Amino acid sequence: MLRRLGGLLGAVVLLSASSGCTRNTPGAEATGTSVYVARRIRTLDAARPVVEALAVREGKVLATGTRDEVLAAAGVGARVVDLGEATVVPGLTDSHGHLSALGQWEATVSLLGATSKAEALARVASAPSTSFQGEWLVGQGWDQNDWTEKAFPTRQDLDAKHPDVPVMLARIDGHAAWVNSEALRRAGVTRDTKDPEGGRILRGADGEATGILVDNAMGLVYAVLPSLTEAELAAQLTAALSRAARAGLTGVHDAGMDLRTFRLLQRWDKERKLPLRVYAMADGQSADRETYLREGPYQGERLTLRAVKLVLDGALGSRGAALHQDYSDEPGHRGLLMMTPEEYERRVRSFMAGGFQVCTHAIGDRANTLVLDTLLRAAEATGTRDGRHRVEHAQVMRPEDIDRLGRGGFLASVQPTHATSDMPWAEARVGAERIRGAYAWQRLKASGAVLALGSDFPVERPDVLAGLYAARTRQDARGTPEGGWYADQRLSGEEALEGFTVGAAYASFAEARRGRLQPGMDADFVALSVDPVDAPVAELPGAQVRLTVVGGDEVYRAAEK
């Protein structure tokens, strides 16, 4: 049984450690009537934008209004939950995340926040046993931009402590890997190995691989990395869903789900063990795409598959983003395309014709131009101009392409914390002129584009409060730079909240059911310790998630203090 709010000794996450979530049974919250009362409930309903109570019955919002109004609508015997000084908002959705990768981050060695190569190496040396995938030591999260020396690390750095165990460490953006000599040996990578299409094997002056593999070159190592066991996959996904619920997320748009993960979540959904709403984008990069195309879209209770994720270029931090002109800090290099324009268009048209929404990763301005050129042609040819096709990241764009994105009816899926993480070095990559079209949220809104906000977890933390803070301030947690980085592109508190609610719902064709708290809509909502719209913005980083509710199910509750 689910515990009530009072009497909790510690944070409670209502998830099973082995098979998804413990969903409510008949007689519990979802099938009875519950009334939630709080200092403020932001409904995002224009008719009643702020109320003090809402009633939930059978997983739907029954009524909103004053306490007395809602109690009258709920009837005799309704369960009353007083949330005190909390602010309730519609269910928060991360519009771009990676559940399987987040699960791996929860289980394996994390290099996130390491301030030097030495610190990263020390963490690898003391990695927990769960970091091993077969014989391989696996980790992630390093970012040489955060290190004093800034240079990419090498295989020799890892060889000193791990000469015989293969080591594979993914960069924070997932677009580069740091491996040791044993990993290269097992992958068959030698000085004679050619760079794969859309990939780059960094090499030293002697022509030998340094141990850094960028974008498609990572596939050389992934091809020989042992697969997770079923038990490991289930444990990691459970950990990821638990982490998301604690962060106040009621839903996740999973950006590129492999078929194996989809099958497991599909089973959990049918067994009523899926705690959050998952809007899955099929992995359009791997051979799994053929099965997805053959089977077509899927609609379950909390699992939806009607989109595909394609990756066109790399990341800015590893200089894999495809640019029209040279990188400002690496003359002669313009990034990488992960597939040819012809192959990209072929896949786009196939998925559009199959009834899928096309969501394309595009970081650099060249990639964004190519995405828009292709989407416009293909949507016209397939009759899917109303398909709400999405540009994932839309990170560095020419002004004319920003305008085309909005005019074309496409959606911009952007991640506010990317701007605040990248701001120390992004301008060095692209220069003072191109940076004006980067992380340009207000320019995208002015073009008519709907913004769907997310984090790209685990590249960034899945903490939605951090995303709301970054969207409003364009500052780091210390409040720098003063006034915000290119502050004219900041979002207001309401715009930021809408991006994680209304915008996310629209981006997943769910605006008639979710994104607002109105009678008849899904009872997805979150209670926060601060008002994300009106509270002083400096309070957001230290704020807490008090309660996460999905379809009337209380999937996370924080301990009372």
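This structure holds 48 salt bridges, where a salt bridge is a side-chain nitrogen of Lys or Arg within 4 Å of a carboxyl oxygen of Asp or Glu. The model is predicted, so to speak of local features takes a pLDDT of at least 70, side-chain atom pairs count only at pLDDT 80 or more, and totals for chains, interfaces and linings use all residues. Residues are numbered from 1 along each chain as its sequence is written, and side-chain values use heavy atoms, with hydrogens and water left out.

- R123 and E119 form a salt bridge, 2.7 Å from N to O.
- Both residues sit in helix α3 (residues 117-125), four residues apart, about one turn of the helix; helices here are DSSP runs of H or I with at least four residues, strands are E runs of at least two, and both are numbered from the N terminus.
- R123 is partly exposed at 23% relative accessibility; buried means under 20% relative accessible area, exposed over 50%, and partly exposed in between, using a 1.4 Å probe and protein chains only.

**Between distant parts of the chain**
- R272 pairs with E301 in a salt bridge, with the closest N and O atoms 3.1 Å apart.
- These partners are 29 residues apart: R272 is in the loop between α8 (259-270) and β16 (277-283), and E301 is in the loop between β17 (298-299) and β18 (303-311).
- D329 and R429 form another salt bridge, at 2.8 Å between the closest N and O atoms.
- D329 is partly exposed at 29% relative accessibility, whereas R429 is buried at 3%.

- Salt bridges with shared partners join K60, R277, R514, D522 and D524 into one network.
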